[in-house]
Each structure stands twice: as C-alpha cells, then as structure tokens.
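My notebook is open, and I am going through a few spots in this model one by one. Here is the structure I had on screen.

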Amino acid sequence: MSKPAEEQPATKVVTPQSLVTEEEVKAALRLDKGSDALLKSWSMVDFTKKGDNFACVVSSVQVQYSLNQENMEVVYIAKLNPCRHVKEFEEMTCIMFRKESEFYLNLVPELNSVLTEVGQKALRFPKCFHGCMDKNKEVILLEDLRPQGYQMFDRRRGLDVAHITLILKELGRLHASSRLLQAKTPDQDLVVTHDFLVPDIVADESMGFRDVFLRQLDQSIDLLERFGGYERSIAWVKSLKLEFAKLMKKHLGRSKYNVVCHGDCWNNNVLFRYNDDGEPFEVMLLDLQINRLSSPATDLIYLMYTSLNGEVRIPNLNTFLDTYYDTFNTVMEAAGMDMIFTRSELLKEFRSMNVIGAIYAMIVVPFMLLEPEDTPDFNKAENMEELLMEVKEKTLEAIDKYPLMKPRFLSVFDEMMDLGLIP
C-alpha cells in the first residue's frame, strides 16, 4: 500500500553541483596525487560569474587530503552537466561532454607524445583528472589554473595583438601536432581511433543548433534595421538563412587540410598569464566541447570574427596568419615533414570561410558584449524558445546602453562589403 500523500518523500532536486560524488573526487585525487593520497573531506565552491560559461556549469571542488602524514589541500575545477531539463539540450550536452572528456584524457597525451618526440613542448591545456560520462550526470574534473595566475580576458573589450598572437601560436601547435599524429598511422584515419571527433554539433541539424543560429540571424536583421543604412546587409543575411544548413556542412566538414580543431576557440575559452607589467606571456586553451577534424581555417575564422574588433582584425590579418603559419611550420620542420599548405593557400582557405566568420559574429558578438548582469541566465530557462526570446530582448535593449556593440557588430558587415561578399 502506498504512503499517504503527506508522507511521500520530497523529490530531490538535482543540481549540477550535486552530480559530483565522493568516488569521483577520490578518482581525481588518485590520478593527481597518487594512490597513497587519502581523502579527508571535500566541498563544492562556486566561483564563476553569470555569462562566463554557456554550455555547462563550472564550479570547483575544494579537497582536503593527507599524504605522507601531512595534511594538504587541492582544488579541482568541475565542469558539470547544467541540468537544464530542456529536451533540446540533452543529446547535445551528452555529446559535448564526451568530446571534451575523451579529448583531454585520450587525445592530448598522444598529441603531446608526438610533440616531445621532436623536441617540442607539450600543448597548453589544463590537466584532466576525471571524466564521468553517465548520461545527464556528466562531470569533468580539471586542474585549477588560478593559483598559477591564469585569468580570463574581458570578452567585451576585444583581444589585442599581444593576446591574439599567443592564441594563434598555440592553435598552430595544436593543428600541427595532429598532422604528426596522423603520420604515425598513414593508412588509418584519426577518427577511427578517436571517433568523438566525428559528431559535429554545430553542422549536424539534428543537434538543435540550427534553430538557435537561425534565430540569431533574425536578431541580426533586427539590429541592422535598428542601426539603419545596411539594407544590402539585411538582404544578404536573409539569403544566408535559405542556404544555412548547406553552408555549415560545406565549411565545417572534412577538408584537404584536415587537422584536429579546437572548435570553439573564442575569448572565454582561453586563459592568460601576465607579467609584472600586465603583458600576457602565456596562454592556456580550454573548453574542447566542439572539437572536430576539419580545416584549420575553421578555428582561425571563428577566433578572428568573435573575439576581435574590426580595427584590430582588418589591418593585422596577414600578420596574424603569418604568425600562425610560422608556428605550424616550426613543428612540421622539427618532425622533418613538409608543410601542408603555403602562405597563399592558407589565406585563400581563410577567405573561403568568410561567410562562416560573419555567421559566427552574428551569433556570438551581440551576446558576448552584454554586461554580466544583463546576460540571460541559461540555467533558469525552461525551454529553447524562452531562452532565445530573452537573448533577443536583452540584446535589443543593449544597443543604446553599451557603446561597444554597434562598431564591433557593424565592422563585420563593412568588411564583408569591402571584400565583395555582400553584393
């Protein structure tokens, strides 16, 4: 016989932080500190601001342990399933966590191995100590980079030459290392042993991103109409909507220059370390949830059009591509391998992706320029429609509120018109 209604136990509310278990903390501690480390206690400590992360919840695990009769403490960064209970997000979230976990735990060690074999330094990614891929309970525990001085650059300012140069060099090393790894098994594609590289949640229409992106293009039309004087751009964006699925599959799929790509390399997915003069001297790449095997230009175009102001991107583009090329080539030469493209071929490949750069800018830039207090709370949205409506309302409200938005947004369309991409 069932209990009376008043005696039924309350349904436990599942939060992202509640997904972390003691067994997972022990597993991370073991991999990090060795089997002799004994867990004494642990607790979850939130530290991120609204707007810092979008596809997951990021928190931290504060761990007290003993080793060799000494009491010690360590902190792990926890990437957690956001527990949004939004149907459209569930399958996509599962794939994203698997892609990132396997990238860190399986692929990065192989990439670092081929680099060190030819006298090159290991890639600049945080150490990963644990990954749980149980559906709707995904957890990734990573090294905490804050004690080393790494911090996020303000996404609203736009990266300057010093910051973008560090990122481009590291992307060049990542991309080149994947060519070295592929050369180890010339008759077997990397996706055979690393099949997580195949699902592309951006290009795959079944993942739900298509509707999100199309709504963002509609929002861009609203913004252009509000600014005025961009009728050609409005007509162009409307034409992109009709070809959207075809464009994404064409440009984000396999190419003749296939490399392992970060997939989501923008301002908030990198951290920097600074010297005493406030100048950046080291970078760390993060958030590999959209990694793919594709053209290196997909990473370069995404970075350039989401994270740079036009006044930095346009006059320095050739220099930026040269920086990337030189770093890529340094790795290839160390391995005694031929470069996979010339400088002119790299520029051509980059320019062939311009339309994708513009699409990325329309999707990301208006949102990333919002102040933290105006950023929609992804974790409180009950459905995709509600979330997208809030994004649109906040963005349109921000036009007059935030002076950075208009020039950053319009510079992309001015550039596309100058290039002849917008008729």
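I started at a strand pairing and looked up Tyr274: its bridge partner in strand 8 is Pro280. Keep in mind that I am reading a predicted model here. Strand 7 (residues 270-274) runs antiparallel to strand 8, and I found five bridges between them. I then followed the hairpin, where five residues sit between the strands and Gly278 takes a positive phi near 80°. Is strand 8 mostly covered or mostly open? Mostly covered: I found five of the six residues in strand 8 (residues 280-285) to be buried.

Next I turned to helix 9 (residues 343-352). I noted Leu346, Glu349 and Phe350 as its buried residues. Viewed down the axis of helix 9, these buried residues fall within an arc of 100°, so they line one face of the helix. On the face turned away from that buried side I found Ser344 and Lys348, both exposed. I also checked what covers the buried residues of helix 9, and the cover includes helix 7 (296-307), helix 8 and helix 10 (354-368).

Helix 8 made me curious about its packing with helix 3. I read an angle of about 35° between helix 3 (residues 161-184) and helix 8 (residues 310-334), with the axes 8 Å apart. The crossing of helix 3 past helix 8 is right-handed.

Technical notes
Residues numbered from 1 in each chain as written. Predicted model: local features only at pLDDT ≥ 70, side-chain atom pairs only at ≥ 80, totals over all residues. Heavy atoms only, no water. Axes fitted to C-alpha atoms, helices over the stretch in contact; angles between N-to-C directions. Helix = DSSP H or I, 4+ residues; strand = E, 2+ residues; numbered from the N terminus. Left-handed = near helix turned anticlockwise from the far one by under 90°. Buried < 20%, exposed > 50% of the residue type's maximum accessible area, 1.4 Å probe, protein only. Pairing = 2+ DSSP bridges. Arc of directions from axis to C-beta. Contact = heavy atoms within 4.5 Å.
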